[in-house]
Amino acid sequence: MNQFSLPLFMKVEPDAVGALRENLDYYLSQQASGKVLILTTEGLLQRLKDKVVELLGQLPDYKIVTVPESSFDFAVSVAKKISMEGFRLIIGFGGGTALDTAKYAGFVANIPYVAIPTALSNDGVCSPVSVLLARGGRSHSFTSKTPDGLLIDTDIILQSPRLLLQAGVGDILSNYTALYDWTLDCRYNGHHTDDFAYMLSERAVTALLYSNVKNFDTPEGIQMLAQSLVLGGLAMQIAGNSRPCSGADHLFCHALDELYAHGLPHGIVVGIGTIGACLLQGRSTDLLLDLLRAYDIDINPAHRGITEDMFVKAWMFAKEVRKERYTILNTMDMMPKQYRLERFRQLYRAMSVL
């Protein structure tokens with residue numbers, strides 16, 4: 001049986017930052033007493049000065065470290081610092097750079113980790129994975145842990161760039177095609193999906209698809225997105241891998257990342273990959289496109305600077321990113337290369353008129 005842990009507390013509300021101390025006292029009183037290490041990124045403390053003052057006022061003994069980049073080497077150096085200097089709790093305050101570094105450092109050093117995200121751009125906010133730069137400057141996913149505590153302050157999230165919130169929607173949308181690919185994999189390899197993980201992942205995407213609150217302008221809209229992202233992260237934790245939320249959709253994204261320096265947020269590329277994967281799976285994209293339009297998310301690859309050549313090469317290379325991962329792309333193996341090339345060209349043209 002897969003062993004997993006869930007957050008001890010989670011707040012998604014206005015002024016969630018102000019609930020830190022009471023939650024630490026209640027859930028982590030013995031472990032969290034003593035020094036606290038806070039990881040953040042350059043300029044964030046100045047931009048969110050009022051929230052920072054509120055945060056620090058709840059911690060009697062702390063040290064702040066600015067994370068220059070989310071690299072494996074830096075995360076390991078932070079873990080060493082924790083062990084050498086006797087920190088009892090690590091807080092990630094920021095976007096993916098700070099959170100992934102804090103998450104991995106806390107995992108290696110075996111101390112509680114609390115996440116305070118300043119954006120909701122992907123399901124990594126509550127996943128057991130840290131994406132860090134490793135050999136050759138390429139991103140790599142490292143086994144980590146879910147946060148012991150999660151504070152999503154809607155006051156902060158409402159100030160984040162709309163593009164990052166749109167990316168969060170794109171990342172959640174991929175559950176729709178990832179679950180199809182996961183089932184395909186299990187049928188091919190004679191395995192079984194984890195029913196509870198499947199249910200959480202499905203719930204994460206359907207809650208967003210059928211919600212009456214589809215906006216980034218209210219606390220309710222932020223809460224809906226946050227809860228879906230958290231459910232996706234928990235689904236991966238329970239499954240023990242990323243299959244509930246990652247299929248051909250993410251393979252396309254990772255392939256594009258490896259082949260090109262495109263500069264697009266992860267969730268935006270995943271959203272493009274999701275529509276492409278859905279079409280390859282022979283399923284209707286109507287429901288997905290309605291959601292994307294509601295959030296004003298453009299997944300036309302041409303509009304995002306992805307040329308037909310880039311698009312086709314990424315899909316052709318996608319299966320090589322994780323060879324052990326069976327998806328809809330594996331069903332195309334018996335097709336001649338020229339046929340696959342033409343199929344992906346047709347896919348690009350179809351998506352360019354959506």
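**Note on selected local features**

1. D296, at 62% relative accessibility, counts as exposed (over 50%, where under 20% is buried and the range in between partly exposed, with a 1.4 Å probe and protein chains only). The residue lies in the loop between α14 (286–294) and α15 (308–321), and although D296 is not a glycine, its phi is positive, at about 55°.

2. The model is predicted: local features need pLDDT of at least 70, side-chain atom pairs count only at pLDDT 80 or more, and totals for chains, interfaces and linings use all residues. Residues are numbered from 1 along each chain as its sequence is written, and side-chain values use heavy atoms, leaving out hydrogens and water.

3. D15, also not a glycine, has a positive phi of about 55°. D15 is placed in the loop between β1 (9–13) and α1 (20–27) and, with 33% relative accessibility, counts as partly exposed.

4. Strands β6 (residues 129–133) and β7 (residues 139–143) run antiparallel and are joined by five bridges; pairing requires at least two bridges found by DSSP. V129 stands opposite T143 in β7. Five residues lie between the strands of this hairpin, in which G136 takes a positive phi near 75°.

5. Helices α13 (residues 266–280) and α16 (residues 337–351) pack at about 120°, their axes 11 Å apart. The contact (heavy atoms within 4.5 Å) involves I272, I275, G276, L279 and L280 of α13 with R343, F344, L347 and M351 of α16.

How values were computed
Axes are lines fitted to C-alpha atoms, for helices over the stretch in contact, and angles run from 0 to 180 degrees between N-to-C directions. Helices (H or I, at least four residues) and strands (E, at least two) are DSSP runs, numbered from the N terminus.
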